[in-house]
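Subject: Handover of a structure

Dear colleague,

Please find below the structure that I am handing over to you. My findings follow it, arranged by topic.

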Amino acid sequence: MAEGDPAQAYLRDVALGTSIIAVAFPGGVVLGADSRTSSGSYVANRVQDKITPLADRVYLCRSGSASDTQAICGYVQYWVAEHQAEKGGPVDVSAAANLAMQLAYGNKNALQAGLIVAGWDAHAGGSVYAIPLGGTLLKVPYTIGGSGSAYITGWCDKHFREDFTEEQARAFVVAALTHAMARDASSGGCVRTVTITADGVKRDFIPGSKLAPTYGELPVPAAPPVPASSCHRAATERASSTSTTWAAMAFAASKIRAAVAALNSSSDAGGGDVGKEAAHVARVCRIPENEVLLETTGQRDGAQLLRSPARAPLFAGGGAAGWMRQSWHQHCYFLGQHPHAAAAWLQAQHQHAAGGSPGRGAAASDLLARQQLLRASLLEGAGAGGAAGGLRPAGGSGALPRAPPLLSPAGSGALKPQRSAPACGDGTPRLAAGRGAAPPGACFGCPRAPATMVRGPKKHMKRLNAPSHWMLDKLGGIFAPKPSPGPHKQRECLPLLLVLRNRLKYALTGKEVKMILMQRLVKVDGKVRTDATYPAGFMDVITLDRTNDAYRLVYDTKGRFVVHKITEEEASYKLCKVRRMQFGKGGIPYISTHDGRTIRYPDPEVKEQDTVMLDLETGKIKDFVKFDLGNLAMVTGGHNNGRVGTIVNKERHRGGHDIVHIEDAAGNRFATRISNVFVIGKGKQPLISLPKGKGVRLTILQEQNKRYKQE
């Protein structure tokens with residue numbers, strides 16, 4: 001970067017890291033944190049909210065690995081919600097802190113997380129708990145964490161008092177974070193605070209520009225003035241380049257301001273409007289209002305002009321200003337790439353606006369010739385004359401060419417916009433095909449090629465995007481079989497190709513699977529299926545008559561599909577969950593099941609959430625099971641997918657999801673949404689055979705001991 005380049009004034013050292021703090025005062029607590037999240041030397045997020053709610057009046061401050069702390073917060077929020085549901089009231093701060101501690105301590109060798117849990121409860125009032133790296137739980141009057149805490153430890157010990165008022169505690173938190181962000185090279189951004197009292201929670205946001213400067217900070221130097229000669233030299237060097245640089249932008253600003261000054265001195269009517277348009281051109285060209293534009297011109301009225309509400313007529317339409325607004329989008333991209341043509345274009349706009357509406361007082365052919373000349377000149381780099389000589393028409397007249405937006409001759413000298421010309425992705429209108437115009441589909445000054453529309457739904461699926469319960473190794477290929485539209489969702493099914501090749505091993509390749517299916521040897525729910533990507537789902541029965549084998553798709557305790565072998569008698573029926581119970585045309589009742597079936601005239605006792613036993617040969621209901629307490633059920637979604645147990649309690653939550661509590665055969669209780677519960681038996685006797693494990697999920701240690709015993 002050249003010495004004296006205006007860009008040097010805007011370079012800043014990148015600061016990374018974290019600073020968090022929590023303070024208890026009589027009546028509540030105050031939490032605070034900066035907002036910068038880093039990934040190595042890269043600032044991943046400059047406005048990260050590091051204060052996460054665990055409950056209504058319990059919050060957690062995060063420091064360390066962002067992914068680790070976010071995962072911890074997700075688990076703790078889930079556990080706190082369960083604890084509150086069982087307790088029937090708000091959680092205590094100590095209980096929430098203990099849950100976070102157990103997760104941090106139990107995984108201390110795998111996680112990098114320093115946490116602060118603070119809040120207010122009716123038993124202990126305002127409480128602050130520190131959980132540093134390693135998982136130790138400490139109750140303290142105040143605590144600090146993150147990389148910035150090392151710089152403010154002494155300052156906090158000196159100024160902290162236990163008799164703080166609410167305002168004093170908040171001021172203490174803001175001051176501490178300000179000092180940490182100023183001295184720590186790994187903290188920065190803005191400051192967020194959360195004040196928790198018996199009356200509620202109040203959040204505050206303080207941007208970095210509003211923080212008070214601390215001792216030792218130096219003011220940011222302003223950009224030095226750029227002489228006119230250096231601007232002209234920089235523009236000459238960059239006239240043939242399409243890259244936007246700070247020097248070229250500074251030159252554009254000086255030229256525009258010079259043109260405005262000349263027009264204002266020579267014109268009594270239109271100079272003010274052109275001055276506003278020039279300031280707007282400078283702003284859209286990404287020239288900073290307060291530094292580059294003002295320093296290059298040496299005038300302080302630019303900021304007032306840019307912020308003045310008088311610019312509103314330029315965007316309201318009507319008259320000369322309205323025509324400028326119409327043509328603005330056509331040229332803004334080019335002006336950002338070729339600043340040396342900005343002054344000439346501005347003068348052309350001014351003269352056209354002073355002359356009246358487009359097409360008035362000139363023949364259509366003359367205007368079209370001027371339009372094509374201007375397009376050709378701008379696309380070639382604004383010609384040899386640039387801003388100094390201006391752009392002149394081929395006819396030799398002294399008037400500068402006009403630039404009407406997307407105009408075409410419409411008879412009797414009038415010009416109308418071409419409404420059929422589409423717009424580019426950034427809003428720039430494309431030029432219509434014709435003499436002197438850009439290639440069809442290209443936008444004015446935009447190098448992007450025209451976009452093509454996608455034809456129909458996606459027909460492929462990458463292997464990495466396939467559901468994890470398919471258990472496909474990522475090195476086995478690039479693509480995975482994309483399920484066809486069918487009775488089960490894409491993420492809740494198993495294509496027949498994977499059933500026959502990966503699970504049952506009847507085939508070694510996809511081609512062999514297709515050969516088996518085309519012989520009409522495979523049935524799903526009693527119907528022959530020849531589509532290799534047919535989506536088989538939960539409770540579907542797959543039969544192969546030639547081998548006299550039958551299988552049912554169910555879940556194991558880890559939420560994965562199991563192709564469970566069943567007897568011939570059991571293969572004659574399947575269980576279906578009732579999703580909806582409605583009345584159709586003519587008052588005919590019908591139910592909709594989880595596998596997309598519609599069954600008319602069901603038993604009047606069958607309601608939503610119940611389970612019906614369907615005869616696969618006749619398609620009629622043989623029996624049904626009510627969704628009642630004491631019946632056996634399997635979970636088909638969520639964290640407890642595949643677990644089997646008895647329904648012990650149902651909770652009604654108006655405006656939310658109803659919760660069902662289930663107890664498995666080992667006495668373990670868990671809760672899930674009612675939409676995830678599938679009743680599979682009357683009482684404790686299942687209507688279908690269950691896979692290995694009988695739906696009882698083992699802990700990691702239990703699975704390890706079981707493997708050791710088997711070995």
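**Strands and their pairing**

Five strands form an open sheet in the order 19-18-21-22-23, and their pairing is antiparallel. At its edges are strand 19 (527-528) and strand 23 (561-565), each of which pairs on one side only. Please keep in mind throughout that this is a predicted model.

Within this sheet, strand 18 (residues 522-524) and strand 19 run antiparallel and are joined by two bridges. The residue that stands opposite Lys-523 is Val-528 in strand 19.

In one of them, strand 5 (residues 51-55) is joined to strand 6 through two residues. Strand 6 covers residues 58-64, and its antiparallel pairing with strand 5 extends over four bridges. Ala-55 has Val-58 of strand 6 as its bridge partner. Is strand 5 largely enclosed or largely open? Four of its five residues are buried, so strand 5 is largely enclosed by the rest of the structure.

In the other hairpin, two residues connect strand 11 to strand 12. Strand 11 (residues 191-197) and strand 12 (residues 200-206) run antiparallel, with seven bridges between them. Here Arg-192 has Phe-205 of strand 12 as its bridge partner.

**Nonpolar cores**

Which residues have the most contacts inside the largest nonpolar core? They are Trp-470, Phe-538, Ile-542 and Ile-680, in a core of 42 residues. Helix 15 (residues 496-503) supplies five residues, the largest share of this core.

When its neighbours within four places in sequence are left aside, its contacts include Leu-496, Val-499, Val-522 and Val-524. Lys-523, described above as standing opposite Val-528, is also in contact with Ile-542. Further contacts of Ile-542 include Ala-536, Tyr-551 and Leu-553.

**Salt bridges**

Side chains of opposite charge can pair when their charged atoms come close. How many salt bridges does a search of the whole structure find? The search finds 22. Three of them are described here.

- Arg-161 and Asp-163 form a salt bridge through their side chains, at 3.1 Å from N to O. Arg-161 is partly exposed, at 39% relative accessibility, whereas Asp-163 is exposed, at 52%.
- Lys-558 and Glu-703 also form a salt bridge, at 3.1 Å from N to O. Because Lys-558 lies in the loop between strand 22 (549-555) and strand 23, and Glu-703 lies in helix 17 (residues 700-710), this pair ties together parts that are 145 residues apart in sequence. Both count as partly exposed: Lys-558 has a relative accessible area of 48%, and Glu-703 is at 22% relative accessibility.
- Lys-574 and Asp-595 meet in a salt bridge of 2.8 Å, N to O. Lys-574 is in strand 24 (residues 573-583) and Asp-595 is in the loop between strand 25 (589-593) and strand 26 (598-600), so placed that the pair links distant parts of the chain, 21 residues apart. Lys-574 and Asp-595 are both buried.

The last pair belongs to a network: salt bridges with shared partners join Asp-525, Asp-540, Lys-574, Asp-595 and Arg-597.

**A buried charge without a partner**

Asp-68, in helix 1 (residues 66-87), is buried but has no salt bridge. How far away is the nearest side chain of opposite charge? That side chain belongs to Arg-62, and it is 10 Å away. Apart from its neighbours within four places in sequence, Asp-68 is in contact with Ala-110, Leu-111 and Gln-112.

**Cysteines**

A disulfide is a covalent bond between the sulfur atoms of two cysteines. A search of the whole structure for disulfides finds zero. Are Cys-156 and Cys-493 buried or exposed? Cys-156 has a relative accessible area of 0% and is therefore buried, the cut-off for buried being under 20%. Cys-493 is likewise buried, at 0% relative accessibility.

A colleague

Terms used
Residues are numbered from 1 along each chain as its sequence is written. This is a predicted model: local features need pLDDT of at least 70, side-chain atom pairs count only at pLDDT 80 or more; totals for chains, interfaces and linings use all residues. Side-chain values use heavy atoms; hydrogens and water are left out. Buried means under 20% relative accessible area, exposed over 50%, partly exposed in between (1.4 Å probe, protein chains only). Two strands pair if DSSP finds at least two bridges between them. A disulfide is a pair of cysteine sulfur atoms within 2.5 Å. Lys and Arg count as positive and Asp and Glu as negative; His and the chain ends are not counted. A salt bridge is a side-chain nitrogen of Lys or Arg within 4 Å of a carboxyl oxygen of Asp or Glu. Contact means heavy atoms within 4.5 Å. A nonpolar core is a set of buried Ala, Val, Leu, Ile, Met, Phe, Trp, Tyr and Cys residues joined through side-chain atoms within 4.5 Å.
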